[in-house]
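Dear colleague,

I am passing on the structure we spoke about, with the sequence alongside. Please look through it first, and then read the notes below on what was found.

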Amino acid sequence: MNVVICGAGVVGAAIAYFLSLRGIGAVVVERREVACAASGKSGGFLALDWCDGTPLEALARKSFALHAGLAESLETDYGYRRVETFQLAASRKGDLKRYGRMQSPDWLDGNCAIYSALGSQATTAQLHPERFTRALLDAAIARGAKLRRGEITGIELGSGGTKVSSVRIGDDLLPADAAVIAMGPWSVLAAAWLPIPLVGGLKSHSILIRTAASIPAQALFVEFVSETGHPTAPEVVPRADGEVYVCGISDQQPLPLDPSKVTVRKSACNELHALAGVLSTVLGQGDVVRRQACYRPICADALPIMGKVPGVSGAYVATGHNCWGMLNAPGSGLAMAELITEGKAKVVDLKPFAPERLPRARSGAAYMRHTSR
Ligand SMILES: Cc1cc2nc3c(=O)[nH]c(=O)nc-3n(C[C@H](O)[C@H](O)[C@H](O)COP(=O)(O)OP(=O)(O)OC[C@H]3O[C@@H](n4cnc5c(N)ncnc54)[C@H](O)[C@@H]3O)c2cc1C
């Protein structure tokens, strides 16, 4: 079975990995670099039960458990570890007495107040997102998968337009029995090739800070109360490699066609560093070693689209994971591998994510023309 996976983000890599465990060496086609987009620039924060009560509950819980197993079986150190997670309020000058004050760890010596424990080491974890994505793909390649560089420009259909026959990479055709669209927000382009719903992209900035003193495994979700009343909600995730990830400032900017053309607004990154400095002297005095921005893929109802593309045999889609793609990649990869090889996903029910629940996009190409400059 020739399976072609379009996109080497965490979702494409996870599908390739679980297919490889079933003896299928898929070809993963990537336009730029493995994990060059959100999958390399996300927080890598994982939570067992934060999706409870939503259609993502079973997928998230299964994925959290799979992450623990993968950290053992992939035999690569990608910084997976359990963390404590706190919610806190912070302000440059404002009085935070109304938030009460739980005992704060020493490194949080700024004007901030922890007011709730959001997770313990039993329920929250983290990993380095780029290394995790690469570890999945490397393990798949060790079992027969292949990585091919190239820009996917179309899916060719046979049998009167009802069956995938090949994937177009530039001017080449790669024969395929099955093609999986996993191009994150760029999956919108595939709406010109296949009947799938619209996928959008929401842009956020993040920075990595290298600190002089090491920061404990404590992730923070911050409610930043500014003098103007403008709310900001930065997230702080200290990593096992000694760097501290901070994200939270969004931009309303259209998705560029080329993933390597995502721009970084330096003032947004400086603002993130300044916010981190309000929480902690160690963070404020640390060196910003990376400034970056990325787009998370999002569908109209903020849930992923995962399953068979209606009416086209051999066509599959797996994207739209929004702010939980790192968490939900393992369950998504396993479910998609089951669907492709056995015709049905067993590990989780994919019905809530069926592409046909949303209206078909008119044309991905037209959408991109409208949104990118
Ligand atoms: C700031 C931020 C923080 C986040 N933090 C977390 C977190 O802490 N925990 C969590 O669970 N999730 C988090 N997320 C969400 C998570 O990062 C995404 O849901 C996930 O990375 C999406 O993965 P993907 O594989 O679907 O897409 P992507 O990572 O976008 O990968 C798509 C790939 O397809 C490639 N591609 C595009 N077009 C083509 C083409 N024509 N041909 C070939 N290849 C192509 C791209 O180059 C790219 O490599 C965060 C997201 C953001 C933006």
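Predicted model: local features only at pLDDT ≥ 70, side-chain atom pairs only at ≥ 80, totals over all residues.

As for how the chain is divided, the domain assignment gives domain 1 as 3–76 + 127–199 + 299–371, while domain 2 is made up of 84–120 + 201–298. Taken over C-alpha atoms, the centres of domain 1 and domain 2 are separated by 29 Å, and the contact between them involves 29 residues of domain 1 and 26 residues of domain 2.

Turning to the polar side of this interface, twelve residue pairs are in polar contact between domain 1 and domain 2, counting pairs in which both residues are at pLDDT 80 or more. The elements that contribute two or more residues to the side of domain 1 touching domain 2 are helix H2 (38–41), helix H4 (129–142) and helix H8 (364–371), and of that side H4 supplies the largest share, which is three residues. By residue class, the side of domain 1 that touches domain 2 consists of 15 nonpolar, nine polar and five charged residues.

Three salt bridges are found across the interface of domain 1 and domain 2. Separately, for anyone checking individual pairs, Arg31 forms a salt bridge with Asp258, in which the closest N and O atoms are 3.7 Å apart.

With best wishes

Key
Residues numbered from 1 in each chain as written. Heavy atoms only, no water. Domains from an automatic or database assignment. Contact = heavy atoms within 4.5 Å. Salt bridge = Lys/Arg side-chain N within 4 Å of Asp/Glu carboxyl O. Polar contact = N/O pair within 3.5 Å; in protein donor to acceptor, adjacent residues only side chain to side chain. Helix = DSSP H or I, 4+ residues; strand = E, 2+ residues; numbered from the N terminus. Nonpolar A, V, L, I, M, F, W, Y, C, P; charged D, E, K, R; others polar.
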